[in-house]
Structures are given as structure tokens and as C-alpha cells.
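Here is a short report on one protein chain. Look at the sequence and the model first, then read on.

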Amino acid sequence: MKKIILFLFLGAGLWGNSQQMTLKKGIVVDSIPVKDSISESYSLFLPTSFEMDRNWPILFVFDMEGQGKRAVRMFQEAAEKQGYILAAPNNVNDSLSTSQNILVTGRMFNDIIRLLPIQKNRTYSAGFDSGARFASVLPIFVKGISGVISCGAVYPNMDILDTNNLFQFIGIVGKEDYAYPEMLAGKSLMGRLKFPNHLLVFNGGHEWPNSQYLEKALEIFNLSAMGKGQSEKDEIYINETYAQNLEEINRLIRSNRLIQADNLLDEVMSVYRVLKDSDSLKRIKRELRKNKLFKTMTRNENNTLMKESFIKEDYVYYLEEDLATYNYNNLGWWIYQMGELKKYDNSKIEAEREMGKRLLGYVNALIEDNLDIVNSGSQVDQEVLSLLWMLKTITDPTDYSYYLKIIANSAKMEDYGTSLFYLEELLKKGYTDKAELYSLENTALLRITPEFNEIVAKYLKDARYDIIEE
């Protein structure tokens with residue numbers, strides 16, 4: 001049976017005269033109210049080894065949709081193994097300003113610091129995508145955060161970094177993630193600014209890394225704290241993790257994932273250089289640099305990164321031009337570009353296959369950013385919005401929501417030709433929800449036309465309304 005920790009709160013305010021709160025170790029506890037707030041709450045995880053008689057490192061995890069429990073669960077396995085408290089607010093959100101989110105975070109910080117024994121200089125923040133960007137700027141505005149884990153997002157603004165306020169930055173990114181080139185460049189720039197930083201690379205796209213990489217990040221924080229004298233040096237832990245890293249490097253080399261092996265070598269050498277002799281790693285590094293396949297793979301990656309930067313510039317330029325001029329005639333160019341990206345899927349060069357995936361992710365993110373900008377304006381430009389929806393049916397053809405938006409919006413404008421065209425394109429892609437089709441907003445007149453029902457009957461066997469032939 002898991003042990004239970006009881007906290008007794010005394011005093012006025014939210015809890016009245018007194019209230020007892022039960023926190024179980026080893027599971028995520030959700031919706032813990034912030035003491036000084038009426039409506040704010042957070043999720044909390046305590047490792048099964050947690051005891052009140054010692055201080056603990058803590059990782060604050062951010063989900064910018066306010067899903068604290070979801071954010072904590074991503075790190076739960078890693079925190080259990082590495083001995084971290086986890087906490088995540090349920091009230092931060094992309095719809096709020098940065099200052100508002102910082103205030104929400106600050107209230108949670110204060111509440112947890114009063115509640116739990118937190119180790120000095122061992123407070124960290126983390127997140128994925130927008131959550132990572134928010135976590136990354138927190139050390140600038142919130143005193144005491146000594147490290148950041150940024151998954152799938154480069155540091156958002158290098159100009160605000162203060163070399164008098166150094167913190168440790170750990171980036172984690174997939175090789176097929178459109179953020180990969182930026183995170184490579186960001187690592188180099190942060191190094192020049194003397195910020196201690198690391199980059200962990202996995203096979204995958206724009207997604208949360210698996211627990212292995214999240215655990216590796218917490219391991220780096222533990223080892224760095226030992227190296228700085230912030231926590232007691234544990235020789236057994238140091239030797240065990242060193243051996244595990246060495247085995248992982250050798251495994252990557254055996255599977256010909258040589259660029260990732262070289263990347264991990266650099267990170268492991270930088271972490272252990274003040275903790276133990278790393279001559280074995282240096283020997284592996286020298287041998288790897290002589291490897292002909294490694295040289296070829298490195299050359300291929302550098303070439304594709306250069307090519308990728310030019311293609312991305314084209315995407316940005318033509319999207320801006322198309323939106324500024326309402327250029328629906330250029331949709332064919334975008335269709336052609338998506339065809340070119342598909343060709344990379346069959347390339348014999350791994351770096352080109354990865355580049356193709358990154359570019360597809362990039363163009364979709366670019367369009368979605370523009371959708372957010374248009375929708376956030378005081379007056380929505382419906383023509384631009386419609387064009388962006390049409391582009392999404394090209395760049396992300398299996399996301400049915402954009403076809404439905406076009407059908408409904410075009411019907412509202414009595415442009416039934418466009419509605420019918422996208423209806424058929426939607427059904428060709430395998431859409432089958434007839435009930436949703438016949439309940440689309442602004443399509444009452446369209447739905448009773450013979451043309452609409454003929455298309456539905458063609459792909460879904462029958463239509464809601466009878467087709468009357470003249």
C-alpha cells in the first residue's frame with residue numbers, strides 16, 4: 001500500500017478554520033487548490049521515496065491549455081526513477097498574456113514552497129512546444145529557477161538572455177521535428193553566450209519524447225548539481241549512469257545512428273568532465289570522427305539543412321504574397337510543393353527523408369500561426385481565413401475540419417460551387433460522418449439541393465433527402 005502524507009492547514013482564507021489534505025505518493029493528484037486563490041489549482045506528483053525530512057528537487061511542467069495533470073503524467077515515470085517532485089498549474093493558457101501566466105505560476109510556486117521541502121537551487125521548469133517556450137522564459141522573470149527542459153521548441157528570444165543570470169537549458173527534439181534546425185542553431189548560440197546547455201535528439205517528429213529522454217534530462221540536472229556541489233556526490237549513481245550512457249552510445253553506433261551517437265557523446269562528455277575520467281568517451285569520439293559513414297551522414301545532413309533553409313524562405317515569401325493579394329490561383333503551386341515533399345519519402349538518403357518530414361511540419365505550423373493571427377484580430381478577414389483553410393486541405397489533407405469549415409463558409413456566402421467541390425474532396429478522403437454533414441451551420445439550403453445529395457449518395461451509399469430526377 002502506498003504511503004500517505006497528511007498536511008494540516010490552519011488559519012483563515014480559502015480553507016476557513018482548518019482543512020486536511022491528503023497527498024498520496026507515487027500517483028498524480030489533480031486539482032489541488034492554490035491557497036491564495038479562489039479558482040486556481042495545480043497537479044502534483046510525489047515520488048514513492050518522498051519523505052518530509054529531506055529536501056527535494058522540483059520540476060514545474062507547463063501545458064498551455066491548462067491541462068496540468070496531462071503535463072505531469074508525461075514526466076511521472078522519469079521523476080519516479082530520478083527522485084523529483086512534479087507540479088503543473090491548471091490555469092496557464094495561451095489565451096492569457098505572458099505576465100498573467102507568470103502571476104498564475106508565481107502563486108502556485110509560493111503555495112508549493114510553503115507546503116513541501118524544496119531543495120535550494122534545484123527548481124526547474126519544463127514543457128512541450130508553447131509550454132516549453134513559456135518554461136524557457138521563466139528564469140528571466142521568476143527568481144530561483146536554475147534549469148529548463150524545452151521539448152520541441154528553441155529558446156523563444158535570445159535577446160532577453162542575461163549572462164548575469166545563467167541557467168541550464170536542456171533541449172529535446174526529434175530529427176523529423178521542424179524545430180530541429182533551429183534548436184541546433186540555438187544550442188550553438190547559447191554556448192557562445194556561456195549558458196550551460198544540452199541537446200538530446202531522438203527519432204521522431206514534433207511530439208513529446210518518450211520517458212527515456214525525459215529521464216535523461218533529469219539525470220543531467222542531478223549530475224550537474226553534484227558537479228556544482230549543490231547536492232551530495234553519489235559515486236554509485238555517477239558510475240551507473242555513466243555505464244548506461246556508454247552502452248547507449250555503443251548501441252547507437254551499432255545501429256548506424258552515428259549523428260545521434262556523436263550528439264550524445266558531446267552531451268555526456270560535457271556532463272561528466274568534472275565528475276569522472278571520460279577517456280573512454282574521447283576514444284570513441286576520435287574513432288567515430290574517422291568513420292567514413294559518419295562523414296557521409298554528416299555531409300548529407302549539412303547539405304539538407306542548407307537546402308531546407310532555402311525552401312522555408314520560399315514558403316514564408318509565397319504565403320505572405322498569397323494572403324496579401326488573396327491569390328487563390330496559387331493553390332496549384334502549393335499542391336506541387338506537397339508533391340515534391342512526398343518524393344523525399346522515397347529518398348535513399350536518410351537526411352532527405354527527415355528533411356521532408358520537417359518541411360511538412362513547418363509549412364503546417366506556418367499556416368496555423370497565420371490562422372491564429374487572423375482569428376485574434378478585432379475584425380476577421382474572411383477571405384484570408386478561407387484561403388488558409390484551403391491551404392490546410394493541401395498541406396494536411398486528412399484533417400477533415402478544414403473541409404467542413406470551407407463548405408459551411410462558402411454556403412453562407414451562397415458560393416455553392418466551392419462548397420460542393422470541397423464536399424466531394426472531403427468524401428474522397430474517406431470522411432463518413434453523414435450526421436455531421438447534414439447539421440453543418442449555414443448549409444440548410446445547400447443540403448436540400450440535388451447536387452449535394454448526389455455527391456453524398458455517391459460516396460456514402462445514400463443521402464438524407466431523396467434525389468428527384470427531372
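Arg-114 and Asp-111 join their side chains in a salt bridge, with N and O 3.1 Å apart. A salt bridge here is a side-chain nitrogen of Lys or Arg within 4 Å of a carboxyl oxygen of Asp or Glu. Both residues sit in helix α2 (residues 98-115). They are 3 residues apart, about one turn of the helix. Helices (H or I, at least four residues) and strands (E, at least two) are DSSP runs, numbered from the N terminus.

How exposed is each partner? Arg-114 is partly exposed, because its relative accessible area is 48%. Asp-111 has a relative accessible area of 6%, so Asp-111 is buried. The cut-offs are these: buried is under 20% relative accessible area, exposed is over 50%, and partly exposed is in between (1.4 Å probe, protein chains only).

## About the model

This is a predicted model: local features need pLDDT of at least 70, side-chain atom pairs count only at pLDDT 80 or more, and totals for chains, interfaces and linings use all residues. Residues are numbered from 1 along each chain as its sequence is written, and side-chain values use heavy atoms, with hydrogens and water left out.

## The whole chain

The chain has 17 helices and 10 strands. Its C-alpha trace spans about 85 × 70 × 45 Å along the principal axes. Of the 470 residues, 51% are buried.

How many salt bridges does the structure hold? The count is 27. One of them pairs the side chains of Glu-368 and Lys-392, at 2.7 Å from N to O. This pair links distant parts of the chain: Glu-368 is in helix α11 (residues 350-376), and Lys-392 is in helix α12 (residues 382-395), 24 residues apart. Glu-368 counts as partly exposed because its relative accessibility is 33%. Lys-392 is at 1%, so Lys-392 counts as buried. Salt bridges can also share partners: Asp-262, Asp-266, Lys-285 and Arg-289 are joined into one network that way.

Another salt bridge brings together the side chains of Asp-63 and Arg-70 (2.6 Å, N to O). Is Asp-63 buried or exposed? Asp-63 counts as buried, because its relative accessibility is 12%. Arg-70 has a relative accessible area of 40%, so Arg-70 is partly exposed.

## A buried serine

Ser-150 belongs to strand β8 (residues 145-151). Its relative accessible area is 0%, so Ser-150 is buried. A polar atom of the Ser-150 side chain lies 2.5 Å from the backbone oxygen of Ala-153.

## Patches on the surface

Which residues gather in a patch of negative charge on the surface? They are Glu-232, Asp-234, Glu-235 and Glu-240. Patches use residues with over 30% relative accessible area and no salt bridge; like charges are joined within 9 Å, and nonpolar side chains (Val, Leu, Ile, Met, Phe, Trp, Tyr) within 5 Å. Asp and Glu count as negative. Glu-232 is in the loop between α5 (211-227) and α6 (235-254). Glu-232 counts as exposed because its relative accessibility is 72%.

A nonpolar surface patch is made by Leu-445, Ile-448 and Tyr-465. Its area is about 310 Å². Accessible areas come from the Shrake-Rupley method with a 1.4 Å probe. Ile-448 lies in the loop between α16 (444-447) and α17 (450-460). With a relative accessible area of 52%, Ile-448 is exposed.

Technical notes:
The place of a charge is taken as NZ of Lys, CZ of Arg, CG of Asp or CD of Glu. A polar contact is a pair of N or O atoms within 3.5 Å; within protein, one must be able to donate a hydrogen and the other to accept it, and residues adjacent in sequence count only if both atoms are side-chain atoms.
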